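This briefing is meant for a reader who is meeting the structure for the first time. Please keep the sequence and the 3D view at hand while reading the points below.

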Amino acid sequence: MTETVVPSPKPRKALNATRSFWLKQLHQWHWISAAVSLVGLLLFAVTGITLNHAAQIPGQVETVEATAVLPAPLLERLSAFPQETTDPVPDAVARWASEQFKVSIAGRPTETTPEEIYVALAEPGGDGWLTIDRATGDALRERTTRGWIAYLNDLHKGRNAGKVWFWFIDVFAVACVIFAVTGFALTWMHARQRPSTWPLLGLGVLIPVIIALIFIH
């Protein structure tokens, strides 16, 4: 007859050491992710409210126009530009626009026709464009802004904010996931001392599910 060996329970000291290790790691990742995402969380939380009430918040629309005339040498250079294309304007024309209108059109796609060159200049919280008449060289720059709230709302949506902001949103989202996951793990590890933990977590899951199933059509 073989004798069954029952493994001895793990010593309490070893269990406490393991628990302390994970608590330390979770606390460290939790506060680091909180620090990284703090400003972003505030921004996205506040703009979540302003977006939800966009119809009740009046816009502060302001339109500014500026005109100039493209110098003759640059206008001659545009004569060699394709009649219909989406290519960016020549670098010399882009430099002139930057100096004249304080706007960057280098590398931006155009909507070019035989009559004019049109460059869209959308931005967070506003819109704009630049046109150049290919016959006369008359240039018109128009910029419309809708105020700071619209600007922040567009940052929330990543609208016309550029590649750097695009990548910032991704990094911020990862930090938020780490913050949430480590927060849940810490909650789970402390749940024995906090009886209300699981009912509150259950409510946090149940409330949006009920709203989605019953009130969203």
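The model is a predicted one. Five strands make up an open sheet, in the order β1-β5-β4-β3-β2, and their pairing is antiparallel. β1 (62-69) and β2 (111-112) each have a single partner strand and stand at the edges, so one side of each is left without a neighbour in the sheet. A search of the whole structure finds four salt bridges, and there is also a nonpolar surface patch of about 1200 Å².

**Pairing within the sheet**

- β2 pairs with β3 (residues 116-120) in the antiparallel sense over two bridges, and within this pairing T112 has I117 of β3 as its bridge partner.
- β3 is joined in turn to β4 by five bridges, again in the antiparallel sense, with E116 having D133 of β4 as its bridge partner.
- β4 and β5 run antiparallel and are joined by seven bridges, and here G126 has T145 of β5 as its bridge partner.

**Hairpins**

- The hairpin of β3 and β4 has five residues between the strands, and G125 takes a positive phi near 75° in this hairpin.
- The hairpin of β4 and β5 has four residues between the strands, and in this hairpin G137 takes a positive phi near 85°.

**The helix across the sheet**

- K102 follows α3 and has a positive phi, near 55°.

**A network of salt bridges**

- Side chains of opposite charge can pair when their charged atoms come close.
- The side chains of D154 and R146 meet in a salt bridge, at 3.3 Å from N to O; D154 counts as buried, at 2% relative accessibility, whereas R146 is partly exposed, with a relative accessible area of 30%.
- D154 also forms a salt bridge with K157, where the closest N and O atoms are 3.5 Å apart; both residues lie in helix α4 (residues 148-157), three residues apart, which is about one turn of the helix.
- K157 counts as exposed, at 51% relative accessibility.
- R159 forms a salt bridge with D154 as well, the closest N and O atoms being 2.9 Å apart, and R159 is partly exposed, with a relative accessible area of 29%.
- Through salt bridges that share partners, R146, D154, K157 and R159 are joined into one network.

**A nonpolar surface patch**

- The nonpolar surface patch of about 1200 Å² is made by L200, L203, V205, L206, I207, V209, I210, I211, L213, I214, F215 and I216.
- One of these residues, V209, lies in helix α6 (residues 197-215), and V209 is partly exposed, with a relative accessible area of 40%.

How values were computed: Residues are numbered from 1 along each chain as its sequence is written. This is a predicted model: local features need pLDDT of at least 70, side-chain atom pairs count only at pLDDT 80 or more; totals for chains, interfaces and linings use all residues. Side-chain values use heavy atoms; hydrogens and water are left out. Two strands pair if DSSP finds at least two bridges between them. Patches are made of residues with over 30% relative accessible area and no salt bridge: like charges are joined within 9 Å, nonpolar side chains (Val, Leu, Ile, Met, Phe, Trp, Tyr) within 5 Å. Accessible areas come from the Shrake-Rupley method with a 1.4 Å probe; for residues, only the protein chains shown count as cover. Buried means under 20% relative accessible area, exposed over 50%, partly exposed in between (1.4 Å probe, protein chains only).
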